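Dear colleague,

Please find below the structure that I am handing over to you, followed by an account of what was found in it.

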Number of protein chains: 2
Amino acid sequence: MELRTLRYFVAVADELHFGRAAARLHMSQPPLSRAIKQLENEVGAALFDRSPSGVSLTPVGAVLLDEARTLLDQADRLRIRVAAAAGTAAITVGFLGDSADPGAARLADAYRRRHPQVEVRIRETDLTDPTCGLHAGLVDVALTRGPFDETGLTVRELRADPVGALVRADDPLAGRDSVKLADLADRRWFLFPEGTDPVWQSYWNGGAPREGPVVRAVQECRQAVLWNGTIGMTLLNHQQAAGLAVVPLIDMPPSRVVVAWNEGDTNPLVRSFVGIAIAAYRDGRTH
Amino acid sequence: MELRTLRYFVAVADELHFGRAAARLHMSQPPLSRAIKQLENEVGAALFDRSPSGVSLTPVGAVLLDEARTLLDQADRLRIRVAAAAGTAAITVGFLGDSADPGAARLADAYRRRHPQVEVRIRETDLTDPTCGLHAGLVDVALTRGPFDETGLTVRELRADPVGALVRADDPLAGRDSVKLADLADRRWFLFPEGTDPVWQSYWNGGAPREGPVVRAVQECRQAVLWNGTIGMTLLNHQQAAGLAVVPLIDMPPSRVVVAWNEGDTNPLVRSFVGIAIAAYRDGRTH
DNA sequence: TGCCGCCGATACCGTACGGGTATCGTCGCA
DNA sequence: TGCGACGATACCCGTACGGTATCGGCGGCA
């Protein structure tokens with residue numbers, strides 16, 4: 001009964017699906033099945049009911065899940081305390097500077113409160129890097145927004161924000177209840193610079209190549225719309241400056257608020273941050 | 001940072017000696033050194049100072065030791081709770097029926113108090129089996145007395161009891177302050193039956209082959225001495241019946257009170273019992 | 001009813017890591 | 001200065017943990 005095995009078990013218990021749990025663990029399904037079977041042998045009781053209709057926890061499995069969660073949590077705290085004693089307890093958190101999430105700063109504070117000995121460094125990026133420097137190794141974990149190229153990263157969704165078209169308040173579309181992408185086909189859209197994540201770029205351009213001014217930050221987007229007669233996409237729940245309007249776009253998938261980190265990073269500080277973030281969003285404290 | 005590695009670390013930190021720690025872990029020294037080095041790499045700091053004068057903990061190592069002890073303890077409690085949920089939490093404890101240790105029953109009670117869900121079975125043996133059935137697999141752990149054949153067992157010493165010659169109160173030796181084995185060379189000694197652990201048998205006969213009546217239990221020993229004019233060895237701290245006397249034997253090593261279990265048994269119930277026993281004897285609550 | 005797709009289990013394989021033995025380097029001590 | 005103690009290093013080997021390919025059972029659907 002090693003910690004790794006318990007992490008496997010918790011993943012399966014969370015997903016109640018061997019395939020998805022294996023994906024979350026960045027491994028294939030057969031070794032996971034085998035590991036769980038070995039754990040069941042060691043415990044001497046079945047932990048899951050594998051019925052055709054799905055996987056469910058047995059009573060013994062429920063007990064183990066509770067215990068395993070606390071043990072894994074304590075194991076992470078052990079690593080954090082030791083790192084603090086060694087003077088190496090530091091984490092760099094990236095935030096996307098879209099002002100989309102007033103909870104970001106609050107999240108950093110919550111983290112500092114939970115781990116006072118840890119040095120928390122903040123790195124805020126503009127809209128040209130949705131990974132906030134994750135790919136470049138500049139940050140350990142990012143609280144940001146999708147979609148972007150996720151290769152080499154692990155991503156957890158926290159919330160989904162519907163998006164709308166950002167237009168001038170005097171635009172003909174400004175009064176509409178909703179618009180479709182087709183309504184915006186002939187407009188100029190703001191663009192992100194060359195080299196910006198292609199998935200991200202494509203999303204905010206509604207999936208089509210566009211013409212328009214190059215911008216890097218939220219303020220620039222607004223200015224582009226106000227001054228150049230271009231349009232763009234933004235979040236419905238954004239507060240907009242005077243002179244601008246947002247019309248719901250009904251044929252665009254929402255933009256997901258996510259927490260992301262480099263795949264295979266076992267840094268407990270990162271795990272702890274992810275846990276705090278998920279809990280905070282689940283409890284709705286950042287809405 | 002798996003639990004196994006932390007157990008290695010705790011062993012080295014306990015012994016402050018790689019060789020002895022390896023012996024306690026039933027492994028050789030090189031892999032242990034390597035594992036500790038890997039752990040140090042993972043932590044990012046040295047855990048031990050290897051100076052020629054010996055091994056000592058670094059400050060970071062001291063923090064890890066404290067944290068690791070509690071984590072390992074919680075891991076054991078996890079296994080116990082899960083076993084209790086699975087209905088398989090049971091331990092059989094062997095006691096040597098020499099009445100030598102009034103703390104034995106108290107120890108079992110302390111254990112039941114600590115783990116109420118665990119079924120604790122007691123097996124008390126006579127003097128013909130100092131392992132209380134460990135070798136035969138009849139018990140999981142034994143609170144007993146040395147020396148005996150320790151092959152296949154792990155033994156921890158709890159206390160050392162000096163021994164003396166058990167004689168009739170009217171024996172010429174009864175008044176002496178102390179005796180030597182040579183003083184007893186021509187006496188009849190009580191014997192344990194054929195098949196009794198040879199190390200044990202030899203010890204209680206002062207290391208020499210003897211002639212005399214065969215006995216199995218403490219009462220029989222006393223009766224043999226009282227009725228047949230034989231002698232024997234016993235513990236100095238025993239209360240003796242009227243008509244008997246005990247004279248300190250100055251050239252016999254003391255008999256060690258030990259807790260023993262089968263080598264390689266990772267049953268957390270056993271580990272927990274051992275921990276409770278060691279703590280109880282260290283605190284002197286059973287003297 | 002027969003086909004397909006989903007999903008966990010099984011079979012089998014390669015590699016990496018954790019165990020072993022042999023030996024070295026260094027320091028204290030007689 | 002030689003020897004013993006002890007941790008580190010070098011090297012070897014088996015196992016166990018990862019992978020891919022495939023099976024078996026069940027449910028949905030035409």
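B:Arg112 and B:Asp109 join their side chains in a salt bridge, with 3.6 Å from N to O; the term stands for a side-chain nitrogen of Lys or Arg within 4 Å of a carboxyl oxygen of Asp or Glu. Because these two residues are three apart in helix α5 (residues 103-114) of chain B, about one helical turn separates B:Arg112 from B:Asp109. Over all chains, a search of the whole structure gives 35 salt bridges.

As to conventions, this is a predicted model, in which local features need pLDDT of at least 70 and side-chain atom pairs count only at pLDDT 80 or more, while totals for chains, interfaces and linings use all residues. Residues are numbered from 1 along each chain as its sequence is written, chains are lettered from A and ligands numbered from 1 in the order in which they are written, and side-chain values use heavy atoms, with hydrogens and water left out. Helices (H or I, at least four residues) and strands (E, at least two) are DSSP runs numbered from the N terminus, and two strands are taken to pair if DSSP finds at least two bridges between them.

Helix α5(B) also packs on a sheet, where it touches β3 (90-96), β4 and β5 (141-145) of chain B; contact here means heavy atoms within 4.5 Å. The direction of α5(B) makes about 165 degrees with that of β4(B). Such angles run from 0 to 180 degrees between N-to-C directions, the axes being lines fitted to C-alpha atoms, for helices over the stretch in contact.

The sheet in question is open and has five strands in the order β4-β3-β5-β10-β6 (chain B), with mixed pairing. Its edges are β4 (119-125) and β6 (153-161) of chain B; each has a single partner strand, so one side of each is left without a neighbour in the sheet. From one strand to the next, the twist averages 20 degrees. Eight bridges hold β6(B) in antiparallel pairing with strand β10 (residues 255-262) of chain B, and B:Ala160 has B:Arg256 in β10(B) as its bridge partner.

Chain B also has an open sheet of three strands, ordered β8-β7-β9, with antiparallel pairing. Here β8 (232-235) and β9 (244-248) of chain B are the edge strands, each pairing on one side only. Neighbouring strands are turned against each other by 45 degrees on average, direction ignored. Strand β7 (residues 163-168) of chain B pairs with β8(B) over four bridges in the antiparallel sense, and B:Gly164 lies opposite B:Thr234 in β8(B). Helix α7 (residues 218-228) of chain B lies across β7, β8 and β9 of chain B and runs at about 45 degrees to β7(B).

In chain A, strands β1 (residues 48-51) and β2 (residues 54-57) run antiparallel and are joined by four bridges. A hairpin of two residues leads from β1(A) to β2(A), and A:Ser51 stands opposite A:Gly54 in β2(A).

Finally, the interface: 22 residues of chain A are in contact with 23 residues of chain B. The two chains bury about 2,100 Å² between them, 72% of it on carbon and sulfur atoms; buried area is the accessible area (1.4 Å probe) that two parts lose on being put together, summed over both. A:Glu67, A:Leu78 and A:Val82 supply 26% of the area that chain A buries against chain B, more than any other three residues. Two salt bridges are counted between chain A and chain B, and A:Glu67 and B:Arg81 meet through their side chains in a salt bridge (3.0 Å, N to O). On the side of chain A that touches chain B, α1 (3-15) and α4 (59-86) of chain A each supply at least two residues, and α4(A) gives the most, with 14 residues.

With kind regards
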